[in-house]
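Visitor: I have a structure to look through. Could you walk me through it by question and answer?

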Amino acid sequence: MHKTVLTVLVDNQAGFGCLAEHGFALWIEHGDGHILLDTGQGTALAENVHALGIDLGRTDALVLSHGHYDHTGAVPMVLGAAPKVRVYCHSGVTEPRYSISGGEVRDIRMPMFSMRALATLPVERMFWNGGAQLLGDGIGLSGFIPRWTDFEDAGGPFYFDPHGLRSDPVDDDQALWISTDKGLIVCLGCCHAGLINTLTHLREITGESRIRAVIGGLHLGSASRERLEMTAQALRDMQPELLVPCHCTGEGAIAYLRDHLDCPVHTGYSGFRLDTSEP
């Protein structure tokens with residue numbers, strides 16, 4: 001098995017020497033390959049890669065988990081730093097996206113400058129993956145995640161229009177998986193498809209039922225008590241070895257999972273590092 005090291009580059013919380021911002025980016029070293037999952041809003045990534053000694057010029061693949069601003073803001077910087085990088089995302093990432101809550105309408109789509117940067121990428125380096133796809137030996141993408149559970153939803157009041165007429169289920173949401181000798185490492189941007197839907201889908205497409213670790217945003221900040229209970233119950237059945245909730249999970253949800261799961265739950269932050277070769 002390849003050695004895999006994961007480093008959170010952007011998160012809502014930060015360790016010493018790093019910046020925090022509402023967003024997420026994860027650096028994945030897998031064997032000889034280097035993959036960046038998401039880019040944050042744009043400000044923190046440049047500072048944090050410098051602080052952590054990460055060379056974005058070594059990026060082989062940039063994976064966009066979905067098309068929200070807090071995951072796609074530094075796309076131009078990454079494409080400029082890594083002239084041979086391949087980009088993987090769902091075709092829906094450039095759709096108009098809005099969040100409407102309490103009468104406030106927020107535009108949360110991918111920034112136009114990031115869309116323009118993707119549009120200038122040579123066609124042979126742009127991969128629009130609607131379905132599951134391999135990135136290399138023992139590492140791949142979920143593609144579209146079916147919504148099986150009746151207790152999970154997209155995690156917020158999301159729409160395709162500013163008038164709230166067209167609900168947005170965030171169908172472009174996808175996860176990245178890594179195969180290890182102890183099971184799957186599951187890397188998430190926001191998990192708008194739902195954590196249990198995502199894990200169920202990945203276990204099905206990979207044929208691996210064991211879950212070594214889950215890291216990333218779980219989007220449970222506004223989850224009901226019932227959803228938290230059902231999520232914890234399903235996780236206990238799946239028996240993950242480690243959970244590293246980040247970004248949009250919500251402090252209350254993290255505390256609940258920590259109290260109701262059998263596995264360790266470590267809050268992620270900019271600078272958090274997970275070396276899967278360590279016990």
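Visitor: Which residues lie nearest the centre of the largest pocket?
Guide: This is a predicted model. In it, 17 residues line the largest pocket. Those nearest its centre are His-22, Ser-99, Arg-106, Phe-158 and His-219.

Visitor: Ser-99 is on the lining list. What is its bridge partner in E11?
Guide: Strand E6 covers residues 98-101. E6 pairs with E11 in the antiparallel sense, over two bridges. In E11, the partner of Ser-99 is Phe-158.

Visitor: Where is Ser-142, and is it buried or exposed?
Guide: Ser-142 sits in the loop between strand E10 (139-141) and E11. The cut-off for buried is under 20% relative accessible area. Ser-142 has 2%, so it counts as buried.

Visitor: Which backbone atom does the side chain of Ser-142 reach at 2.9 Å?
Guide: Leaving aside neighbours within four places in sequence, Ser-142 is in contact with Gly-131, Ala-132, Gln-174, Ala-175, Trp-177, His-201, Leu-202 and Ile-205. One of these contacts involves the backbone. At 2.9 Å, the side chain of Ser-142 reaches the backbone nitrogen of Ala-175.

Visitor: What is the bridge partner of Leu-134 in E10?
Guide: Strand E9 spans residues 133-136. E9 and E10 run antiparallel and are joined by three bridges. In E10, Leu-134 has as its partner Gly-140.

Visitor: Which residue takes a positive phi in the hairpin of E9 and E10?
Guide: The hairpin has two residues between its strands. The phi in question is near 75°. The residue is Gly-138.

Visitor: Is Asp-275 buried or exposed?
Guide: Asp-275 is found in strand E16, residues 273-275. Its relative accessibility is 7%. The cut-off is under 20%, so Asp-275 counts as buried.

Visitor: Which residues is Asp-275 in contact with, leaving aside its neighbours within four places in sequence?
Guide: Contact here means heavy atoms within 4.5 Å. With those neighbours left aside, the contacts of Asp-275 are Lys-3, Thr-4 and Val-5.

Terms used:
Residues are numbered from 1 along each chain as its sequence is written. This is a predicted model: local features need pLDDT of at least 70, side-chain atom pairs count only at pLDDT 80 or more; totals for chains, interfaces and linings use all residues. Side-chain values use heavy atoms; hydrogens and water are left out. On a 1 Å grid over the protein atoms alone, a cavity is a set of points where a 1.4 Å probe fits but cannot get out, and a pocket is an open set with protein on both sides within 12 Å along at least five of seven lines; lining residues have an atom within 4 Å of a point. Helices (H or I, at least four residues) and strands (E, at least two) are DSSP runs, numbered from the N terminus. Buried means under 20% relative accessible area, exposed over 50%, partly exposed in between (1.4 Å probe, protein chains only). Two strands pair if DSSP finds at least two bridges between them. A polar contact is a pair of N or O atoms within 3.5 Å; within protein, one must be able to donate a hydrogen and the other to accept it, and residues adjacent in sequence count only if both atoms are side-chain atoms.
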